[in-house]
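I opened the notebook to look at how two chains meet.

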Number of protein chains: 2
Amino acid sequence: MDRKQDASKDLLSEVTILIENNKILELRELLEEYHIIDIFDIMENLEENDKIKLFEVLPLDMAASILEESDVEFFSNILSKLDTEHKKNILELMSLDDMADILSQLEEDEREDIMELLSQKDADDVKELLIYEEESTGGIMTTGYVQINEYMTVKEAISHMREYAEDAETIYYVYVVDNEERLVGVLSLRELIVARESNIVKDLMSENIISVFVDEDREEAVRLVSKYNLIAIPVIDREHKLKGIITVDDIIDVMEEEATEDMYKFAGTSEQERDIAQNINKTPTEQIFSSVRARIPWLIITLLAGLLSSAILSNLDFIMNPKYASLVFFIPVVLGMGGNIGTQSSALAVMSLSNKDLDFNNVIREAIVGIITGIICSLIVSIIVFIFIKDINIVLVVTVSLFINMIVGAMIGGFMPILFKKLDADPSIISAPVIATVLDITGITIYLVTTTIILSKIA
Amino acid sequence: MDRKQDASKDLLSEVTILIENNKILELRELLEEYHIIDIFDIMENLEENDKIKLFEVLPLDMAASILEESDVEFFSNILSKLDTEHKKNILELMSLDDMADILSQLEEDEREDIMELLSQKDADDVKELLIYEEESTGGIMTTGYVQINEYMTVKEAISHMREYAEDAETIYYVYVVDNEERLVGVLSLRELIVARESNIVKDLMSENIISVFVDEDREEAVRLVSKYNLIAIPVIDREHKLKGIITVDDIIDVMEEEATEDMYKFAGTSEQERDIAQNINKTPTEQIFSSVRARIPWLIITLLAGLLSSAILSNLDFIMNPKYASLVFFIPVVLGMGGNIGTQSSALAVMSLSNKDLDFNNVIREAIVGIITGIICSLIVSIIVFIFIKDINIVLVVTVSLFINMIVGAMIGGFMPILFKKLDADPSIISAPVIATVLDITGITIYLVTTTIILSKIA
């Protein structure tokens, strides 16, 4: 890791010196040795003027790749500084799915200006890509694929592929269509180059195609690419016409987004908060208000629910009885332990549900886990409480209620996500704050009932 | 999604009927149309005898692919049923990294038996793969790559590639080494097939190689493949000799494991619990004991820390003063709200830390978020408490302590992961239960101080 970071640091200072001394040729040669991502990284650390200078020096294909990596601000900032011809040439080389992603974030008129610079075909393709929802497979697909007709020979297919290779995001799969443009097969480049030149594509291709519909959730594409170890997956419409492909690098991007999304939801906040918190271009004020917006709904819900525990607590007689006043001391720890085991078991259930179905057996399993950990924790608590308070009644109330509360906590934590799933609601709504609040309410009730029963038996 | 599940359901019943009627040829033809993963899926749902029958019908390469997907029990179960020659032929076609993964989980003697069936070269390769730690890049790499010498011509390189293509996991990159077997360049199949046959590899190859060391953490490979959009990454030793490659499908598997790992840690449990909970071959007893083992350390730690809040609470004078007894009612909600906002802000900090460095400015930002959300929640609480209790002193204590507690909760949640990172400890130790317990202790202290100050002013 250090190795790579050092490399880009060196590159940054080298680049700055070359720009200062106006050594354009040397700069261009130096940049051609580096990966586009590293060049993009150092551009983000350059001053405005140097950034533009460096961009103008780049060969057209590298400039296009830089724009593919960039966000919308970087994109429109750079483009506003270039003359029309230069702009046109770079845009022509950009991957259309990345362009559509950026254009979708631009204002109407700025978008129109850029669309006018595109060739008719590219403009049509981009327009079509702009229609699809961000969360759908259409929203992440690209039109940069190689498509061949099923009746081509291998020789024709290879020469067709060479011709279209430049615009393709991947040439490792070629997609085979019939005369109605319907996807009927797939052929890997590997199969194509080891085949005899006179063979017909139809006889070689695999007809067992793993594909997704253009309006499906993009997570379905992630699932299939991951399950079948694909490098790209074709996207078709409901008439089975080929509309685009999704390559594995875009699948990885989606996975990274979705992985952190789960954790944010579990902590009771949202993806917007993450997106803005991780975006270095946002001001602190924007970050703060996005955090407030994301968190406040859950905070208000748990606050109102939490006041329920206050209402229940107000029924506890022992508060008025000085003899048992010390029972109040153990309210936080009894409630807290229910919340803790509930958080653990709900996380297990939420995560397991994303891979497979869980049934209510899971709740029984959690109950047993609650019983075992409850016995261990109750033993510890009974010893400590006895040492300090030496009142067997108080020890009994605290120990029994802690024990019951941990079992209930484990069961509720394991049960709520399953219940939500059965009700066709999103189980990831079950966040740690929600579980903690629900378990505060049940915990207080358990404490109330336990003390009432035990103390009445004694009295 | 339904489409695919239905397909495998249909396949399962078709297969069962063909096996029952002993229609071997038809079965073989049917299976060849399906993806290996689908066949593996239905094998898991077949009865023992049918499973073996189906496996024996499979062409050798498909049988090898099935074993690559399988876990250790499936693997040794199937192999124990085959004769030596058949076993040998299948093992020869297996990818060595998958074989090493499975062999590493076998008993010593069973492993030796299988190693004896391998060719000398394969056995040596597997032995080397077995040395590397599971969490290192060496632990997930494969030796199935195509390596060419830098002085080969394009023509020689292509014919070399064709020869070794069958054993290679990917042929989309070929790796260029010098005469000492050191990695000096990389060439994509794409570049190779569009180049002139007489060109020398050294003149075409890219020398700017993204690689990982064989003893680095596998997450470094994930980071680089994701950052540079690679399909495979070469693995080298410290002398820069090429040892293997990691393909993007293995990167995706690691990402899936690591993503859930973060969430489990945040919920205060561990990856072992997840692994066993997600393994359908484990008995309920094994699952329960793995859950207890994973959770009990955090439960005991939070229990002991939680008893600290009991000790602090025992200093609260108002418990003994019936006039202010109702202040007890609000302990759970005041503590709970600190815990909730702390969970949110700690999740944000833990997740952000995995991408970039955070400084203590983050704590200031969290403090401001705490102030804004605190004002909103305090207003709500003050109105509700006033309606029900109508004692302005109690309203004041509850509102002020809730407000302070939310600010402290947000700051501590945002601060602890950063502190851990600065101390070179793993910030993901900061789990929701730990945050909740710490905030119970600070929350009780805040409540104690607030009530003491406000009530003494009044008295």
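Below are my notes on the interface, then on an annotated domain.

**Ground rules.** I am working with a predicted model, where local features need pLDDT of at least 70, side-chain atom pairs count only at pLDDT 80 or more, and totals for chains, interfaces and linings use all residues. Residues are numbered from 1 along each chain as written, chains are lettered from A in the order written, and side-chain values use heavy atoms, without hydrogens or water.

**Extent.** I looked up contacts (heavy atoms within 4.5 Å). In chain B, 119 residues touch 119 residues of chain A. I then took the buried area, the accessible area (1.4 Å probe) that two parts lose on being put together, summed over both. Chains B and A bury about 10,400 Å², 69% of it on carbon and sulfur atoms. B:R190, B:M263 and B:Q344 supply 8% of the area chain B buries there, more than any other three residues.

**Charges.** I searched for salt bridges (Lys or Arg side-chain nitrogen within 4 Å of an Asp or Glu carboxyl oxygen). The rule finds 4 across the interface. One of the salt bridges joins A:R295 to B:E366, with the closest N and O atoms 2.9 Å apart.

**Source of chain B's side.** Helix 18 of chain B (residues 284-313) gives the largest share of the side touching chain A, 18 residues. Helices here are DSSP runs of H or I, at least four residues; strands are E runs, at least two.

**Domain record.** I checked UniProt: the unreviewed entry annotates "domain: CBS" on residues 141-204 and 205-261 of chain A. Residues 141-204 are 33% helix and 22% strand. Residues 205-261 are 42% helix and 23% strand.

Definitions and conventions. UniProt positions are given in the numbering used here, feature names are shortened, and annotations may be inferred rather than shown by experiment.
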